[in-house]
Amino acid sequence: MKSIARDENQITLIYNSQNHVGERTFAHASAIKDKELQAIDIAKTPLTGTQWAELADGLNTDVKGLLSFENVSDDDEIKTADYDENDYIKIIEHRPELLAHPILIHGDAMKQIVNPTEAQEFLGVDSAGLEKKMMHEEPTISSTTKKEHFIEKPEKGDHN
């Protein structure tokens with residue numbers, strides 16, 4: 001049984017709001033209007049060990065593979081020691097800033113998001129396309145997605 005809910009009409013984002021990539025991925029995922037977003041900010045709401053193990057399994061890695069020790073000081077034992085799976089679960093539960101990349105879940109698919117724009121690619125949203133023209137003609141730019149994918153933003157000066 002899966003401990004993280006999965007639905008084709010829902011996007012689940014597991015991220016750390018104290019991380020720039022996490023914040024931007026949240027913004028990209030929030031902009032998709034035709035799916036419900038369940039955002040889990042691990043800086044505020046910790047996941048269980050079972051959920052971390054499920055994420056690692058779904059991403060074909062181990063829990064250590066979900067972590068990044070890049071910003072850990074060299075004298076911190078956590079950077080060089082080799083722990084078992086349960087230890088790494090405890091580490092991420094106590095140090096959520098070590099999550100390497102936000103994780104998006106849509107249906108049965110999961111992806112670690114390295115670049116926030118990958119969120120829209122993963123979810124099948126393409127922001128714009130170019131219509132091919134001859135070199136001497138001006139290009140015509142048109143949207144390749146449905147307008148309902150994005151939240152309507154008021155025009156400048158529109159205070160409604």
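Which residue caps the N-terminal end of H1?

Guide: Asn19 caps that end of H1, with a side-chain oxygen 2.7 Å from the backbone nitrogen of Val21. A polar contact here is a pair of N or O atoms within 3.5 Å; within protein, one must be able to donate a hydrogen and the other to accept it, and residues adjacent in sequence count only if both atoms are side-chain atoms. This is a predicted model, in which local features need pLDDT of at least 70 and side-chain atom pairs count only at pLDDT 80 or more, while totals for chains, interfaces and linings use all residues. Residues are numbered from 1 along each chain as its sequence is written, and side-chain values use heavy atoms, leaving out hydrogens and water.

H1 spans residues 20–30, and its buried residues are Gly22, Thr25, His28 and Ala29 (buried: under 20% relative accessible area, 1.4 Å probe, protein chains only). They cover an arc of only 125 degrees around the axis, which puts them on the same side of H1 (the arc is taken from the directions from the helix axis to the C-beta atoms). Helices (H or I, at least four residues) and strands (E, at least two) are DSSP runs, numbered from the N terminus.

The buried residues of H1 pack against strands E1 (10–15), E2 (36–41) and E3 (103–106) and against helix H5 (118–122), where contact means heavy atoms within 4.5 Å. The open sheet has four strands in the order E2-E1-E3-E4, with mixed pairing (strands pair if DSSP finds at least two bridges between them).

Key. Buried < 20%, exposed > 50% of the residue type's maximum accessible area, 1.4 Å probe, protein only.
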